[in-house]
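Hi,

Here is the structure I promised to pass on.

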Amino acid sequence: MKDIYNSGSFEQLWQEEAEIKTRVQNRLFCITFLVCNPLSSIAFFLSGDPFFYTLLSTHLLSGAIILGYMFLNYRKVISGQQMSFYTFSTLILFYTFLLSKPHLSYVQSCLNLTLAVIFAGLVLRWPLRYGVIVSAMGLLLYPASIHFLSDTSLSEFFEQGGVFVMAAHVLFPFIVKMNYNKDKREFYFRYTLQQQNDALERQKTIAEQATKAKTDFLSMMSHEIRTPLNGIVGMVHLMMQEEEHSEKPNDLLKTLKFSADHLMAVVNDVLDFNKINSNHVVLDPQPFNPFEFFDILKKTFDPKANEKGIALAFSIDTGLPAQLVADRLRLSQVLTNLIHNAIKFTANGSVTLDVREVARTPEATALDFVVADTGIGIPKSEQAGIFEIFTQVRTRTHSDSVSGTGLGLAISRELMRLFGTEIHLESEENKGSRFSFRLSLPYSEQPLAPRRPVTPVVAEEIPEVRVLVADDNKTNLVLATQLLKRRNILHDTASNGREAYEMFSRNRYDLVLMDLRMPVMDGFESTALIRELNPHVPIIALTASAFENEKERAMANGFSGYFIKPFIPQDFYDYIFPFLGIAVK
Ligand code: ADP
């Protein structure tokens, strides 16, 4: 720290600062003497002292010189500090001359000189050398002038106030130096604080850039990973379907399917977490029927619970409002994760979801959600960190079937924070776990209008349907066409946007599955051209992109749907069938 204080660069900065800081004081100092000196001679005029004439003419002359210094300063020939220093030095010379003139009494002059030094000491901030020079001049010249040039004795001068003039001059350099140092120290603290601020600001920018780079990298990488992953997952699922009919089940294939599904879950979780963490997830609250919601949720888990031989019970408050308003998908994601974990970590006993209404106002209803299980529980020591990313309780031996990404609870916690609540955990080892949270949701007692049913048509009955698939990735193209073929849906393929457009202009299609990034012509351009030919045909973007705004961009640019790769076959059918008017089975 001290090194900075004494460094040349700091000194130079301080000089500049001192010049600016003392500008007003230096001018005030000069102007005061310019005005007050001639005025001070009035006292002599009134008392009829002939000394008045000498005094006035001397002061007018010194005033002219001071004006000259001020002009030089104005033209930046001399600094403000120099201007006040020259002014004071000049005044001392003039005062020395005046003191040599015959005086009736030195009282008035000594009073004036003392006041002048006090005023200078209050106003000026000088380095020590200026103060010492000025004081030395006063201390030497005043007595010398009295002693050698006037008829008065030095002792008479001292008795009539000269001693105060001398004392003021002795103190003067220390006072101006003290003020000067005080200002310099203050500036030093401001300067170092500013430097620290700048350093922090730079570090903050670097950290922000690093976070953004990380997010972009993850989004970019995940796109690169998801494209081939879609091929792998899809192909494995297709092979498994074929295996089902074979006599000797292939264990290797089963393992491959497990690994592919797991890899897909990891990639999707990492992306989801990344998205939430970079504030890219915005909740989309919509009204929904809570009873229907919990019913579907239960049906999803029934097979898994049955398979493990554990009881799965949902206890839903029957007095819930007919409609709740919330982001149904995100709520379901959190509950799915909690119930999935509960089943995963429970070997026997039960898993329950309890939903209770605890309060209601005209605007909102407060609901308590509890997911409880009688499973292996979580040791106390692990509970605090369980919501951190990639945390898994490793003390137990996990079989393959209970491995996970370690991201589920971290994602759930972040999602619940978006909902404005926290997830609480109570758990005892080997007794079970209980995850709970309270949500306050807008509601309505009006039953929701029933959803428009899709005309149920069975796939086999609509052989006329024809789909165009555009993708530059061969594996994904094969996968999509295989999936369509298995449901007897006619299809054609195109390997880029231009080809897709040309094929569309020649044939009639009921649906277009369009990859977004393709060589020659991308999915956006191709869709824009197809829309000119047919504004109504459903065009679904089929993409591995994880860039947040791409979905909005697609939906605003003529696409009818947006489906993310990698996907499992059933999800693919579930998504595209409604566009073809085929009932989802
Ligand atoms: P994972 O994908 O590994 O399940 P989570 O974030 O969902 O990731 O869970 C983190 C860890 O918390 C799990 O690996 C498990 O050790 C523990 N855990 C979560 N839920 C339960 C539960 N209901 N019972 C026992 N342990 C649990």
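A quick term before the notes: by contact I mean heavy atoms within 4.5 Å. This is a predicted model, so to speak of local features we need pLDDT of at least 70, side-chain atom pairs count only at pLDDT 80 or more, and totals for chains, interfaces and linings use all residues. Residues are numbered from 1 along each chain as its sequence is written, and side-chain values use heavy atoms, with hydrogens and water left out.

**Helix pair**

Arg330, Leu331, Gln333, Val334, Asn337, Leu338 and Asn341 of α11 touch Gly408, Leu409, Ile411, Ser412, Leu415 and Met416 of α13. By class that contact has 7 nonpolar, 5 polar and 1 charged residues (Ala, Val, Leu, Ile, Met, Phe, Trp, Tyr, Cys and Pro count as nonpolar, Asp, Glu, Lys and Arg as charged, the others, Gly among them, as polar). Helices here are DSSP runs (H or I, at least four residues), numbered from the N terminus. α11 covers residues 328-344 and α13 residues 408-418; they pack at about 145°, axes 10 Å apart. Axes are lines fitted to C-alpha atoms over the stretch in contact, and angles run from 0 to 180 degrees between N-to-C directions.

**Domains**

The domain assignment (bounds from an automatic or database source) gives domain 1 (2-201), domain 2 (233-277), domain 3 (290-444) and domain 4 (459-580). Taken over C-alpha atoms, the centres of domain 1 and domain 4 are 88 Å apart.

**Second largest pocket**

α3 (23-46), α4 (51-74), α5 (80-100) and α6 (107-123) each give at least two residues to its lining. That lining divides into 12 nonpolar, 7 polar and no charged residues.

Cheers
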